Each structure stands twice: as C-alpha cells, then as structure tokens.
Amino acid sequence: MIFLSGLNRLYRSDDVETTALRSIDLQIDAGEFVAIMGPSGCGKSTLLNILGTIDRPTSGQYRFGDTDLTTLPEAALAIFRRNHLGYVFQSFNLIDDLTIEENIELGLVYRKIPRQARREKVAASMDRVGIAHRARHYPNQLSGGQQQRAAIARAIVGNPQLILADEPTGNLDTENGAQVMDILAGLNAEGATIVMVTHSPSHADIARRRIDMLDGRVVISVRNAI
Amino acid sequence: MLSHTLVTLYRSLARHRLFAALNVLGLAAGIAVFLVLTLIVQYESGFDRWLPDASNIYRLDSTWTFPGNAPYEDADSTFVAMQPLLADYPQIRAATRMMPRSRPVSVGATIASESVAYVDPNFLNVVRLKLAEGDRDQALSNPASVAITATTAQKYFGTTKALGRILTISEDGTKRSLTVTAILQDLPHDTTLSPINLITRFTPSIEQATRAFTNWGSASGYTYLKFANRTDARSVQADLPSFVARRSADAKGRPEGGLSLSLVALTDAHFHDVAVDAPIPGVDRRVVFSLAAIGLLALVMAAINYVNLATARSDLRAREVALRKVMGATRRMLLLHFLAEAMAMVAVAALIGLALTELAVPVVNALGGWAVRINYAQIVPLVLILVILLGGVAGFYPAILLAAYRPAVVLASSRTPSGGRMGTRLRGLLVLIQFVGAISFAICTLVIDRQAAFLRAADRGFNRDGLIIVESLQAPELVSRQNVILDAFRRVPGVVAVTQSDREPDSEDTSTTNVGRPGLIGPEPHFIHETVGRDYFHTYGVRLLAGRLFDEAHRNDDLRGISWDDRSFNTVINETGVEALGFRSPEDAVGQTMTGDSHSRLTIIGVVADVRFMSPRDPIAPQYYMYNSHGFADAQAAIRSQGVARAEMMQRLQTAWRTLLPDVPFVADTADGRLSEFYKPDEQRARLFSAGAILAVGIACLGLYGLASFSTTRRIKEIGIRKTLGASTRDVLALLIFQFVRPVLIANLIAWPLAWGAMRGFLAGFDQRIPLSPLYFIAVGLGALGLAIITVLSQAVSVARAEPSRALRYE
Ligand SMILES: Nc1ncnc2c1ncn2[C@@H]1O[C@H](COP(=O)(O)OP(=O)(O)OP(=O)(O)O)[C@@H](O)[C@H]1O
Ligand SMILES: [Mg+2]
C-alpha cells in the first residue's frame with residue numbers, strides 16, 4: 001500500500017543543514033502493524049509526518065496505492081488525509097474548547113457525512129475505546145490515558161485505512177499504555193494498517209514488523225514471529 | 001460544517017467569557033461612537049437641505065467696516081438693496097425679504113409673545129417651507145392673511161385645522177386682525193432661518209417705521225435671492241462691490257462705515273455663520289471635521305483592538321488549526337471557518353453597537369443641543385459594510401497567518417508558534433498610539449471642562465445672583481410708561497433694586513460711537529454707548545473705581561434736564577475706556593472731557609469696572625454710560641431681588657406686569673439664563689468630550705488588556721521557569737506590571753506636548769481664561785497609569801501566582 005523510494009528530508013535553517021531522512025526505501029502492505037524504533041533525533045517523527053502528508057520530502061517518491069503523493073497539491077493532500085488517515089500524537093492534541101464528543105467529531109466534519117450518521121460513528125468509536133461515559137467532558141477534565149484514548153477514537157472515527165501513531169504511549173503509565181496497545185492491536189486485527197513510533201520494546205513486540213532507524217536511515221526491518 | 005463552526009465559536013466564547021465580552025463590547029462601543037458622531041456630522045452638515053432647492057437660495061449678508069475695528073459680518077442687510085439688485089442682475093430669479101419680530105399675539109384669553117416673520121408676498125414661493133394646510137400661492141395674497149405653524153395653531157386654536165380662523169396681533173400697541181390662510185409644518189431644528197411661528201406680509205406702516213426700507217446704513221432683516229445655479233450666484237457676488245458703490249453713492253442714509261454685501265448659500269450658511277451675527281449660531285466647520293475624525297478614529301481603534309485580540313487568540317489557536325489540517329481541512333475550509341467566525345462576532349458587536357447608538361442618541365442630543373435622529377435606511381447599509389469590512393479583516397489575517405503554519409512543526413513540538421516578532425511589536429505600537437490619543441484627549445477635556453466651569457463662575461463685573469431682566473419693557477409704546485412700570489416692580493415684595501437700560505446681558509444690538517479727546521493721538525476709538533436709568537449701577541452691582549455715579553442733584557447728569565443746544569453732558573466710562581483714551585488712571589480721567597456724537601461734550605464724572613454682558617471670548621470694548629431719568633428707547637428692566645425663589649419672583653413680577661398691562665405679554669429671564677448662551681456651548685462640548693475621553697481611555701485600556709492577555713498566555717511557561725528558579729510572586733508581578741505599563745509611560749511623554757499645544761490655542765480664543773497648569777497633565781498622566789495598572793493587574797496576578805507545575809504541565 002505504501003511505497004517509499006529514495007526519500008530524503010533536509011532541514012535548512014540559516015546556515016545549518018540537518019538531514020533528518022536519507023534515501024529511505026520502504027514498502028508497507030495493507031493490514032500491516034509496523035513499529036518504528038530508534039534513538040531520539042534519528043528521524044522517526046519526520047518519517048511519520050511525511051507518511052501523514054503533513055510534511056513533504058525534499059526528494060524521493062511517496063506512493064500510496066497508485067497515487068504519487070509527492071506531486072499532489074496541498075488541497076488534494078487535505079482530501080487524502082480526510083479520507084484515508086488517522087493520526088495519534090504523543091501529546092494528544094485535543095482541542096481544549098471542545099468536549100470529548102466534539103473533539104472526536106472533528107475526525108468527520110470535513111467529510112460530507114450527515115449529522116445523524118456522524119453521531120452514530122462518534123458513539124461507536126467512543127465505545128470502542130471505552131470513554132463513552134466522558135463524552136460531555138472537556139479534555140482537561142480527563143486523565144492522560146483517557147485523553148489518549150479519546151485521541152485514538154478521533155483517529156479511527158472515519159474508518160481510515162492507515163493509522164499513524166507517534167509515541168502514543170509516550171506520556172502514559174504502564175497500565176494505560178497497555179490499554180492503548182490493546183486497542184491498536186484490535187484495530188489492526190480488524191484490518192487497519194498501523195504505523196507506530198515507540199521507544200518501548202515491549203510495545204514494539206506487539207506489532208508484526210519492526211523497523212529500526214539510525215541517523216535518518218532504516219537499518220533493520222524484521223517481521224516478528226507470531 | 002457551518003453548525004460545527006458555530007459550535008466551535010460558541011464554545012470558545014463560553015470558555016473565555018470575559019475575553020469575548022471585552023472584545024465584542026469594545027468593538028460595539030467603537031461602532032456606536034462612530035455611528036453617533038456620523039449622525040451628528042450628518043446633522044450639522046445637513047442644515048436647510050430639507051428646504052427645496054436650498055443650494056440655490058442665497059442670503060444677502062452685510063459686512064461693516066469701521067476704521068479701527070475688525071470687519072463685522074451680519075446675516076441681515078438693508079431692504080433697499082433688493083429692487084436695484086433685481087433690476088441690475090437678470091441672473092436673480094427671485095428675491096424676497098423677511099423681518100423677524102417678537103409680537104404679542106392673542107386669541108380670546110390666550111396671549112403670548114410670538115416670533116412673527118414679516119415678509120414679501122412671494123416669500124413662500126422662494127423659501128418653500130412645507131405646508132400642512134392651505135395653498136402656497138394664495139397664502140400671502142392678502143395683507144391681512146397669516147400663515148402659522150402647526151404648533152402655533154395648536155396653541156391658539158387647539159387644532160391644526162385652523163384655516164380661516166382669526167387671530168389678533170399687536171404692533172407697537174396697535175392691534176390688527178389676521179386670517180389664517182395656511183398651516184406650516186413646524187420648522188425642523190436644522191435650519192439657519194430665524195425662528196418662525198407666524199408669517200404675515202409687510203404693511204405700509206411697518207415699511208414706514210423701519211429705516212431699513214429706506215436707508216442703506218440700516219438693516220432689520222434678511223434678504224434671500226434665488227438663482228438658477230452656482231455660477232450665476234458667483235457672477236453676481238463678484239459684482240456686488242461695484243453694485244454697492246454704484247447704487248448707494250448718492251442714496252439717502254448712506255452707510256458711514258464701509259458697507260459691503262455678500263452672498264451665502266443657505267446650504268453653506270450654518271458653517272459660514274460661525275463668525276457672523278446670525279439668527280442661529282453657526283458651527284465651526286473644523287469642529288464638525290474633528291467630530292468626524294474622532295468618530296473614524298474611535299472606529300479604527302476599536303477595530304484594531306478587535307483584530308488584535310482576535311489574532312492574538314488565533315495565534316494561540318495554532319495547534320487547533322494544525323490539527324484541523326491533519327484531519328483533512330483544506331486551506332479554503334479554514335479560511336471560510338475563520339471568516340464565518342469573525343463575521344458572526346462582528347455582526348453581534350454591530351448589533352450591540354446599534355443598540356448603544358439608539359440609547360446614546362437622546363443623551364447626546366441633550367448634552368450637545370442637537371436634534372439628531374437615526375435614519376435606519378442609511379444606517380443599516382453602513383453597518384453592513386462595516387461588518388463585512390471588519391469581519392473580513394479580523395478573519396482574514398488569522399486565516400492567512402495560520403494557514404501558513406506547517407502542522408508538523410506545530411503538533412510535534414508542544415510549543416505555540418511565536419506568531420512573528422513583527423506582530424507583537426505592531427500590537428505594542430498600536431496600544432501606544434491609542435494611549436497617546438486617549439491621554440491627550442483626556443487632558444484637553446479636563447482643560448475645556450475647567451475653562452467652562454471658570455466661565456460660568458467668572459466675574460463679569462456685575463452681580464448675577466437674583467437678577468431678572470424684563471425684556472418686554474422695550475416695546476416702543478411703553479417708553480412713556482417705563483417709570484410707572486418700574487415703580488410697580490419696586491413695590492413687589494422681595495425686590496431690592498430696579499433699573500432700566502438699553503444694554504443688558506446678551507444684548508441684541510450694540511451701538512458704538514467714535515469718541516475723541518483733545519490731544520489724543522491716532523484714530524478715535526469706538527465706544528459702546530449705553531443709556532441707563534435710575535439706580536443702574538446699584539442694581540447691577542457695578543463697582544465704582546473713581547469719581548462719582550449719576551445722581552439727581554447734578555443737572556447735567558440727566559439727559560432729560562439738558563437742553564440739546566448745550567451739547568454738554570456728564571458721563572461715566574468703564575476701565576477699558578480709560579485706557580482707550582490714554583488716561584493714566586481712572587482718577588486721572590475723572591473731570592476730563594471727551595467729544596462724542598454730533599460734537600457733544602462729555603465730562604467724565606466717574607469710572608466703573610468693566611462689565612461683560614457679551615461672550616467671554618470677546619474682548620471688552622471701551623464704553624460710556626449716559627443717564628436718562630425718563631423712559632428711553634430699547635430699554636429693558638433689570639430687577640434685583642433677595643430671599644425669594646426665582647420662580648416665585650418671576651410669578652410676582654408677572655402679576656405686577658399683568659395688572660398694569662394686560663395686553664402686553666410679559667417676557668423675562670434671569671441674567672444667568674440670558675448669559676447661558678455664552679457658556680453653554682463650551683459646557684456642552686466639555687460634557688461631550690468627557691464622554692468621548694472616557695470612551696477613548698476605555699478603548700485604549702481594552703487594547704492594553706488584549707496586549708497583556710496575549711503576552712501573559714504566551715509567557716506562562718517562561719514564568720513557570722522563572723518561579724522554579726526561585727523568583728517570588730512579587731518579583732514576577734513587578735516585572736510583568738512594569739512591562740505592561742511601559743507603553744503608557746511613553747504615551748504620556750508624547751501626549752503632553754500635543755495637548756499643551758492644542759489647549760494653548762483653545763484658551764487663547766478666550767478673553768477670560770484659566771492658566772494652563774501642569775497639574776492637568778500630571779493628573780491625567782497618573783490617572784491613565786493607574787487605570788493601566790488596574791487593567792493588567794488581574795492578569796499579572798493570576799499568572800504570577802500560578803503554580804509552576806501547572807504552567808509546565810505537558811511541556
Ligand atoms: N523543524 C525542524 N527544523 C530543523 N531540524 C529539524 C526540524 N524537525 C526535526 N529536525 C531535526 O531532524 C532530526 C529528526 O527529528 P525527528 O523529530 O524526526 O526525530 P525523532 O526520531 O522523532 O526523535 P524523538 O525520538 O526525540 O522524537 C533531528 O535531528 C531534528 O533536530
Ligand atoms: Mg519524535
């Protein structure tokens with residue numbers, strides 16, 4: 001489903017040049033659960049952002065199915081994200097002014113979905129992650145684990161083909177982290193493709209495939225035995 | 001989408017209630033100020049525009065030039081000029097004249113003094129006042145017909161359907177019956193025409209009695225000329241000097257001083273009449289311009305604050321926007337989202353602004369003496385344009401700014417993007433400018449207010465307390481009975497002194513004479529000439545500086561006792577007169593002689609303090625007093641009472657008058673009331689400016705609040721770190737307050753010289769004025785500083801007190 005070839009990402013600031021990604025070649029098939037690991041600063045988030053089209057590669061190609069995303073204009077990328085993508089962040093990124101329910105609904109408002117259908121999907125998605133009882137609360141009234149589950153609910157509410165998660169358990173304790181991993185594994189079992197960045201080897205083991213990065217390169221890519 | 005936008009908007013408003021309220025109310029206040037001032041400007045510049053073809057009707061003004069005095073323009077002109085003008089200039093389509101007079105009018109038992117306009121028969125066809133009833137062409141076809149206003153009809157007949165009814169008018173004691181032939185709609189307030197209750201034709205006896213009909217040097221009313229267009233009017237205007245020279249050269253009653261005539265379009269007259277002796281005081285065009293400028297400024301400032309606050313908030317919303325992008329929102333969607341949000345907010349502000357305008361208009365009318373009304377057909381489109389414009393600006397900026405953020409950057413780091421150093425600096429500068437405006441405005445207001453209060457209380461050289469002026473004494477038919485009437489007043493309980501004189505507070509006309517003295521170098525000064533009755537100086541409470549006052553014992557004191565052949569009179573002059581004649585001191589002047597009218601010899605027997613009957617803006621003129629123990633023309637009575645309430649005394653005087661003169665309406669006012677015209681405009685201005693200054697300071701504080709809230713939210717983390725490093729709450733508070741208040745300190749430095757310059761000019765326009773004390777500046781400066789501190793205090797305190805753990809959470 002995802003084909004990356006010769007992907008580079010350079011950051012230029014004034015006179016310093018940082019190469020965050022160096023000629024990445026990578027293929028991820030539909031239904032995979034991939035964990036990306038590596039030391040801080042090696043380019044994991046950069047890679048994920050490029051996969052999520054909220055960042056563009058400096059050179060190289062990124063194909064999603066038959067579409068070459070590197071050449072698409074901004075507006076088309078927005079539509080791509082809207083229809084195919086779910087995103088989970090380490091720091092949740094819920095909007096303080098909206099209730100949990102409304103935050104989750106954000107995953108649908110940019111699609112043309114009737115309000116009733118939207119409501120149902122939101123409810124289903126909240127059930128899925130077990131925060132339905134917090135629907136009317138505001139993010140700052142929830143624990144970190146609950147907030148992250150809400151963020152996952154938002155990511156999956158539109159039934160995306162691809163879920164990207166950047167250290168989804170990074171701000172969580174062991175128990176909450178395990179819960180989140182359970183949810184992700186369940187989603188993968190139902191057919192969603194998941195790419196997750198993590199620093200936790202045990203969480204990486206839950207994924208089916210593990211990619212190790214160093215200095216902007218993919219060094220190892222192994223499939224876990226099941 | 002839309003419902004989602006509205007939910008987001010509503011939520012963010014509900015969660016930041018104070019912020020939203022200040023934001024919207026500030027904008028609403030700015031819009032209201034703008035609308036109210038727009039209405040006022042529209043009112044002031046719309047004088048007489050309700051009159052059909054007003055821009056082609058011109059008033060003939062006369063300007064008098066006496067040697068040694070500044071030229072003096074009067075809205076009235078000699079009636080002699082009209083026929084020659086019509087004969088000499090075919091460009092003049094029509095001409096008509098109007099002479100306003102106060103006349104007793106009665107129907108049955110109802111009797112009152114009314115403003116009567118004596119006019120040429122074609123008056124209503126040139127000055128086309130709106131008719132409620134009757135036929136314009138027939139209304140004045142008969143000398144005994146009269147057109148009256150609806151209010152007048154209601155007053156005398158109890159109905160506006162009064163065609164054919166009869167009323168009685170008393171002209172210098174002679175009564176005449178007039179038939180109502182037309183009902184006029186009441187004249188609007190925005191007119192330069194003198195007040196009109198009744199309109200009737202000139203009569204032969206009036207034409208005979210009025211010198212303006214025969215005399216070039218005399219004026220008693222207005223001449224209106226109608227042209228086809230402005231060019232025609234200009235061509236006649238250009239030729240008027242030669243017209244005057246040609247036509248008045250050997251005519252009788254040639255003006256002694258230089259007379260020149262000029263044309264003033266009715267639609268320009270209101271602005272033109274500032275420096276003209278006109279029936280309705282004009283307004284300085286610059287005042288109207290500055291009102292317009294202030295209105296626009298208030299709107300711009302409020303709009304800037306609004307956009308500032310809105311964008312400050314949107315900088316904080318960068319994370320939300322980035323997230324929306326991740327969720328698949330396109331740039332266009334975000335733009336629309338922000339625009340819709342901004343439009344909705346501005347629309348709410350505009351609605352509140354309209355409501356505020358509706359509330360403010362009656363207050364402003366009362367404060368400023370206007371008759372402004374809201375015309376929704378004009379206001380609503382204006383407001384709509386404002387909403388679109390402001391909403392566009394307020395929504396576009398954040399949309400563009402935020403659409404430019406790369407979501408990856410915003411979302412990966414948990415820091416809020418800085419939003420540009422430029423933006424922060426610009427915000428600071430705008431707040432500074434607002435405070436410069438607000439502080440200089442407030443200083444000016446304070447000075448104007450103090451000057452107005454000073455004028456009200458200022459020494460006018462006579463005692464105003466309990467002084468009542470009876471104007472109706474001046475009726476010509478009462479001259480021979482003046483002393484009888486004054487004696488009747490003297491018998492009224494509570495009255496302590498009574499006199500009469502041909503000048504009084506707010507005198508209508510003033511006659512001047514050039515006065516000389518042997519050995520005087522330079523041109524002869526013009527003296528105001530005033531005839532006074534018994535007890536004059538005592539009644540008015542005028543101080544004697546040297547010599548003595550008039551008394552019965554000296555034969556030459558009293559004009560009545562002197563044979564005119566003698567031409568030798570005694571006179572009292574004022575202090576300024578002493579100076580004008582070049583005497584060293586009042587004592588020096590006593591016993592000296594001067595030459596007056598028709599080579600009369602005037603011996604100065606006393607010198608009195610200057611008396612100010614007219615505007616405190618005008619310098620005091622030299623003046624001499626003559627004494628006449630019998631009645632004389634144009635005399636009004638002055639009555640001083642003690643220990644009786646004003647209304648009660650008025651009642652008693654009226655009763656005394658009625659008993660003696662049941663046919664003549666009693667017209668009287670307090671000296672204070674008559675003088676109020678001189679300080680009222682300044683007081684009104686002071687009050688209006690006070691309201692403006694309060695608003696300006698409020699708007700500036702709002703800007704400061706926005707700036708403070710913007711930077712505190714941003715600096716929560718910095719302060720958290722400072723505190724973790726050991727800074728106390730007090731340290732942080734001091735730091736924050738100093739930084740927030742710094743623009744106000746700088747604003748003071750800029751505002752003071754501005755205000756000083758403006759107020760020096762303003763005060764220079766007054767003959768009597770307060771000194772420009774530095775205290776005004778210090779007081780306003782400290783006030784602004786205090787307000788600024790209060791404005792930022794709550795935010796500074798809450799930030800400074802916050803636990804660092806909270807500030808640093810999730811960072
Ligand atoms: N906006 C940027 N400008 C310049 N350099 C950047 C920017 N974002 C990332 N980098 C650099 O690119 C490299 C990769 O960063 P990235 O955020 O992908 O690392 P990461 O593997 O996610 O690290 P961590 O595990 O700490 O999250 C780093 O060296 C970083 O300094
Ligand atoms: Mg990272």
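Predicted model: local features only at pLDDT ≥ 70, side-chain atom pairs only at ≥ 80, totals over all residues.
**Confidence first**

I started with the predictor's own scores. For the complex I found an ipTM of 0.75 and a pTM of 0.72. Chain A has a mean pLDDT of 88, with 99% of its residues at 70 or more. Chain B averages 85, and 90% of its residues score at least 70.

Then I went through chain A element by element. Strand β8 (residues 193–197) of chain A has the highest mean pLDDT, 95, while helix α2 (residues 74–84) of chain A has the lowest, 83.

Where does pLDDT stay under 50 in chain B? I found that stretch at residues 414–418 of chain B, where the model still has 13 contacts beyond four places in sequence.

**Around ligand 1**

Next I listed the shell. Chain A residues surround the ligand, including Tyr11(A), Thr18(A), Ala20(A) and His199(A), plus Ser40(A), Gly41(A), Cys42(A), Gly43(A), Lys44(A), Ser45(A) and Thr46(A). I sorted the shell by type and got seven polar, three nonpolar and two charged residues.

Which element gives the most to this shell? I get α1(A), with three residues. Both β2 (16–28) and α1 (44–51) of chain A supply at least two.

- The side chain of Ser45(A) puts an N or O atom 2.7 Å from a ligand oxygen.
- For Cys42(A), a backbone N or O atom lies 3.3 Å from a ligand oxygen.
- Glu167(A) has a polar side-chain atom 3.5 Å from a ligand oxygen.

I checked the ligand's cover too: ligand 1 taken alone exposes 630 Å², and the protein buries 63% of that.

**Between the chains**

Last, I turned to the A–B interface. I count 29 residues of chain A in contact with 26 residues of chain B. The buried area between the two chains comes to about 2,700 Å², and carbon and sulfur atoms give 58% of it. On the chain A side, I noted that Ile54(A), Asp97(A) and Tyr110(A) supply 25% of the area this chain buries against chain B, more than any other three residues.

Key
Residues numbered from 1 in each chain as written. Chains lettered and ligands numbered in written order. Heavy atoms only, no water. Near = heavy atom within 4 Å. Polar contact = N/O pair within 3.5 Å; in protein donor to acceptor, adjacent residues only side chain to side chain. Areas by Shrake-Rupley, 256 points an atom, 1.4 Å probe, with all protein chains shown as cover. Helix = DSSP H or I, 4+ residues; strand = E, 2+ residues; numbered from the N terminus. Nonpolar A, V, L, I, M, F, W, Y, C, P; charged D, E, K, R; others polar. pLDDT = per-residue confidence, 0-100. Contact = heavy atoms within 4.5 Å. Buried area = accessible area lost by both parts, 1.4 Å probe.
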